[in-house]
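Here's a quick tour of a protein model, made for someone who is just getting started. Have a look at the fold first, and then we'll go through it piece by piece.

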Amino acid sequence: MAAQSSRLSPGSRFREALRQEKPLQIAGAVNAYAAMLAQAAGFRALYVSGAGVANASFGLPDLGITTQHDVAEDVRRISGAVELPLLVDADTGFGSAFNIARTVKEMIRAGAAGIHIEDQVAAKRCGHRPNKGLVTTSEMADRLASAADARYDADFVLMARTDALAAEGMEGAVARALAYVEAGADMIFLEAAGSLAEYQAFTAQVTVPVLANMTEFGRTPLFTVEELGTAGAAMVLYPLSAFRAMNAAALRVYEAIRGKGTQADVTGLMQTREELYRYLGYYDYERKLDALFDAGNNSEEG
C-alpha cells in the first residue's frame with residue numbers, strides 16, 4: 001500500500017539519510033513501482049531523472065523537451081508510493097527566474113526532497129555528450145538565487161549541477177561551484193568527471209556535499225561507493241541503472257514472443273506474479289475487500 005507521510009519533511013529526510021550513510025547511495029526510479037523495488041532493496045534515497053522522465057514517460061531524448069509539469073507528475077506518483085526522499089532533476093529550471101521559482105514550489109508540493117539545477121544553456125544536452133553549452137557563472141547564480149528565494153521549506157535541498165569540467169577544466173568547475181554555493185546551493189553535482197583524482201581535487205576545494213554520478217556508458221568510470229567515499233564524494237547516484245536493465249529484458253521478451261509465438265523460453269527473465277503481489281501488498285488490499293464483502297453479506301442476512 002502507499003506509504004504514509006512522515007512527520008519530517010522530505011527535505012529533512014534526505015538530509016538525515018545523508019548523515020546516516022556515507023556516501024549516500026541514491027537509486028534512480030522511473031516510476032512508482034520501480035521506486036518500491038528500490039525501497040525494498042534498502043536504499044535510503046531515490047532519484048527522478050530528467051532523462052528517465054523524457055525516455056520512459058514520453059519516449060523522447062533528454063534534450064530539454066519535457067516540461068516542469070511532466071516531471072512533477074512523475075514525482076507525485078513516486079512520492080505517493082514510497083516513503084523515501086526524492087532528489088529530482090530539474091534540468092535548467094524550466095525557464096527564467098519566475099519559472100524557476102514556480103518549479104521549486106511545484107516540486108515541494110509534489111513531494112520532492114530537493115532538486116538540482118544545471119548550468120547548461122536552455123537547449124541542454126545529456127551531460128555525457130560533447131558540445132555542451134554553458135551559461136555564465138552569474139546567470140547560473142541568478143538561477144540559484146531565484147530557487148533559494150522561492151523555497152518555503154528551509155530543509156528542501158537545492159543542489160547545483162555543473163557541467164563545466166569538460167569545457168573549463170578543474171579550475172573553472174571549482175570556481176563555478178564556489179559561486180553557486182554563495183548563491184544558495186546546499187550541495188554540488190559534479191557532472192562527467194573522468195577519474196577519482198578529479199573527484200579528490202574537486203572535493204578538497206568544495207566543502208559542501210558533492211554528488212558523483214555513476215551513470216553507465218558515459219564519460220565516468222563505474223567506481224565503487226568505497227572508492228568515491230575515499231575521494232570525498234558525499235553522494236553516489238545511479239540514475240538509470242535499473243531502467244537500462246528493464247529495457248534490455250523487455251526487448252528480449254518482445255523479440256521472443258514475436259519470433260517464437262510464445263514467451264515460454266523467457267519466463268526466467270520475468271518477475272513472478274507472487275513477487276509482484278508481495279511488493280505491491282496485493283493481499284492486504286484483497287483482505288480488505290473480503291472484509292467489506294463479509295460485512296455486507298452479514299448485514300443482508302441480519
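Let's start with the barrel: 8 strands form a closed one, in the order β1-β2-β3-β4-β5-β6-β7-β8, and their pairing is parallel. Going from one strand to the next, the twist averages 25°. Keep in mind that this is a predicted model.

**Where the barrel closes**
- Strand β1 covers residues 24-28 and strand β8 covers residues 235-238; the two run parallel and are joined by 4 bridges.
- If you want a spot to look at here, find L24, which stands opposite M235 in β8.

**Strand β5 and its surroundings**
- On one side, β5 pairs with strand β4 (residues 114-118) in the parallel sense, over 5 bridges.
- Is β5 open to the outside or enclosed by the rest of the structure? It's largely enclosed, because 6 of its 6 residues are buried.
- Helix α7 (residues 165-183) lies across β5 (157-162) and β6 (187-190), and α7 runs at about 170° to β6.

**Two helices that meet**
- Two packed helices are described by the angle between their axes and the distance between the axes.
- For helix α5 (residues 97-110) and helix α6 (residues 137-150), the axes come within 8 Å and cross at roughly 45°.
- That angle is why α5 is called oblique to α6.
- As for handedness, α5 passes α6 in a right-handed crossing.
- Which residues make the contact? From α5 they are A97, I100, A101, V104 and K105, and from α6 they are R143, S146, A147 and A150.
- Sorted by type, the residues of this contact come out as 6 nonpolar, 1 polar and 2 charged.

**A closer look at A110**
- A110 is part of helix α5.
- Is A110 buried or exposed? Its relative accessibility is 4%, so A110 counts as buried, given that the cut-off for buried is under 20%.
- Leaving out residues up to four places away in sequence, A110 touches A72, V75, R76 and S79.
- A110 and V30 sit 80 residues apart in sequence, and their C-alpha atoms are 16 Å apart in space.

Note on methods. Residues are numbered from 1 along each chain as its sequence is written. This is a predicted model: local features need pLDDT of at least 70, side-chain atom pairs count only at pLDDT 80 or more; totals for chains, interfaces and linings use all residues. Side-chain values use heavy atoms; hydrogens and water are left out. Axes are lines fitted to C-alpha atoms, for helices over the stretch in contact, and angles run from 0 to 180 degrees between N-to-C directions. Angles under 35 degrees count as roughly parallel, over 145 as roughly antiparallel, 65 to 115 as roughly perpendicular and the rest as oblique. A crossing is left-handed if the near helix is turned anticlockwise from the far one by less than a right angle, and right-handed if clockwise. Contact means heavy atoms within 4.5 Å. Ala, Val, Leu, Ile, Met, Phe, Trp, Tyr, Cys and Pro count as nonpolar, Asp, Glu, Lys and Arg as charged, and the others, Gly among them, as polar. Two strands pair if DSSP finds at least two bridges between them. Buried means under 20% relative accessible area, exposed over 50%, partly exposed in between (1.4 Å probe, protein chains only).
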